[in-house]
Amino acid sequence: DQSEKWTEIDHYFSTNLHASDPIMDSVRKANAEANLPAIDVSPNQGKLLYLLATLKGAKNILEIGTLGGYSSIWLARALPNDGKLITLESNDQHAKVAHENIKNAGLDGKVEILVGAALDTLPTLEPKGFSDFDLIFIDADKPNIPHYVKWALKLSRPGAVIIVDNVVRKGHVIDDNSEDLGVQGIRQMVDWLSEEPRIDSTAIQTVGTKGYDGFVLGVVKE
Ligand code: SAM
């Protein structure tokens with residue numbers, strides 16, 4: 001079975017390349033104990049987010065879709081002392097677990113969770129002084145993805161990195177008759193990106209512990 005092999009190989013790389021990580025282990029344990037769905041990024045994907053934020057030298061990060069804060073913690077680890085990550089989550093229970101995990105990771109000074117539907121909290125960011133993000137990670141409800149990328153462009157500074165997770169949907173993304181609202185959302189985003197000259201983008205398919213999926217990587221032009 002291919003997926004067993006993908007999982008084994010993911011495990012091989014994560015255990016060898018970022019072996020002992022008691023904080024990340026305890027986040028995953030806390031999320032499981034709180035019965036959060038296991039839909040966070042994998043350890044290798046989390047490390048990729050951390051490395052992208054490091055490469056970018058990101059100081060202001062926006063995340064849409066917090067869950068238990070697993071990816072938030074990976075991203076926030078890349079921040080300098082005066083850096084900030086704002087993460088948006090609609091589910092109170094998820095936000096509570098994330099808050100606890102972020103505190104235990106010693107990152108509560110750098111991370112702020114805004115609770116509410118992202119389409120309601122996004123318009124509040126700029127008035128609160130949160131804008132000019134240099135990395136934006138979109139990982140919430142898929143039907144709203146087209147709105148989220150438009151907000152990402154509006155709230156980012158030139159050179160910003162935009163990452164959109166789960167854009168392959170086991171291959172369903174190429175089904176133009178799909179009734180899945182998530183697939184439709186992704187396809188609308190792709191159509192929009194194809195006509196948006198201010199963002200340069202590509203998409204990478206992935207396999208691993210999370211099965212077959214992929215992400216869009218974009219850069220806001222200078
Ligand atoms: N980024 C997280 C990680 O890797 O650890 C995983 C996020 S999970 C895939 C998606 C999250 O988005 C869930 O916690 C869900 O409650 C949240 N969500 C769903 N719809 C939302 C909305 N309209 N606004 C904000 N958050 C939403």
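1. At 2% relative accessibility, Phe 133 counts as buried, where buried means under 20% relative accessible area, exposed over 50% and partly exposed in between (1.4 Å probe, protein chains only). This is a predicted model, in which local features need pLDDT of at least 70 and side-chain atom pairs count only at pLDDT 80 or more, while totals for chains, interfaces and linings use all residues. Residues are numbered from 1 along each chain as its sequence is written, and side-chain values use heavy atoms, with hydrogens and water left out.

2. Phe 133 belongs to strand S4; helices (H or I, at least four residues) and strands (E, at least two) are DSSP runs, numbered from the N terminus. If residues up to four places away in sequence are not counted, Phe 133 touches Asn 60, Ile 61, Leu 62, Ile 86, Leu 125, Leu 155, Ser 156, Arg 157 and Ala 160, contact meaning heavy atoms within 4.5 Å. Between Phe 133 and Ala 58 the C-alpha to C-alpha separation is 8.2 Å in space, although the two are 75 residues apart in sequence.

3. Which residues of helix H6 (residues 118-125) are buried? They are Ala 118, Thr 121, Leu 122 and Leu 125. Seen down the axis of H6, these buried residues fall within an arc of 110°, so they line one face of the helix; the arc is that of the directions from the helix axis to the C-beta atoms. The buried residues of H6 pack against strand S1 (60-64), strand S2 (84-89), strand S3 (111-115), strand S4 (133-138) and helix H7 (145-155).

4. The packing of H6 with H7 has an angle of about 10°, with the axes 11 Å apart; axes are lines fitted to C-alpha atoms, for helices over the stretch in contact, and angles run from 0 to 180 degrees between N-to-C directions. H6 and H7 are therefore roughly parallel to each other, given that angles under 35 degrees count as roughly parallel, over 145 as roughly antiparallel, 65 to 115 as roughly perpendicular and the rest as oblique. On the H6 side, Ala 118, Leu 119, Leu 122, Pro 123 and Leu 125 meet His 147, Tyr 148, Trp 151 and Leu 155 of H7. The residues of this contact divide into eight nonpolar, one polar and no charged, with Ala, Val, Leu, Ile, Met, Phe, Trp, Tyr, Cys and Pro counted as nonpolar, Asp, Glu, Lys and Arg as charged, and the others, Gly among them, as polar.

5. H7 also packs with helix H8 (residues 181-194), at an angle of about 40° and with the axes 7 Å apart, which makes H7 oblique to H8. Here Ile 145, Pro 146, Val 149, Lys 150 and Leu 153 in H7 meet Gly 185, Ile 186, Gln 188, Met 189 and Trp 192 in H8. By class, the contact of H7 with H8 has seven nonpolar, two polar and one charged residues.

6. For helix H1 (residues 2-17) and helix H3 (residues 43-56), the axes come within 9 Å and cross at roughly 50°, and H1 and H3 are therefore oblique to each other. Asp 10, Phe 13, Ser 14 and Leu 17 in H1 meet Pro 43, Asn 44 and Lys 47 in H3. The classes in the contact of H1 with H3 are three nonpolar, two polar and two charged residues.

7. Rings of Phe, Tyr and Trp (its six-membered ring) pair if their centres lie within 6.5 Å, and planes under 30 degrees apart count as stacked, over 60 as edge-to-face and the rest as tilted. By this rule the count comes to three aromatic pairs. The rings of Tyr 50 and Trp 74 have their centres 6.3 Å apart and their planes at 55°, so the pair is tilted. This pair links distant parts of the chain, with Tyr 50 in helix H3 and Trp 74 in helix H4 (residues 70-76), 24 residues apart. Tyr 50 is partly exposed at a relative accessible area of 24%, whereas Trp 74, at 4% relative accessibility, counts as buried.

8. Tyr 70 and Trp 74 form an edge-to-face aromatic pair, 6.5 Å centre to centre with 90° between the planes. Both residues lie in helix H4, four residues apart, about one turn of the helix, and Tyr 70 is buried, with a relative accessible area of 3%. Ring pairs link Tyr 50, Tyr 70 and Trp 74 into a cluster.

9. Asn 166 lies in the loop between strand S5 (156-165) and H8, and at 18% relative accessibility Asn 166 counts as buried. Leaving aside neighbours within four places in sequence, Asn 166 is in contact with Asp 139, Lys 142, Ile 186, Asp 213 and Gly 214.
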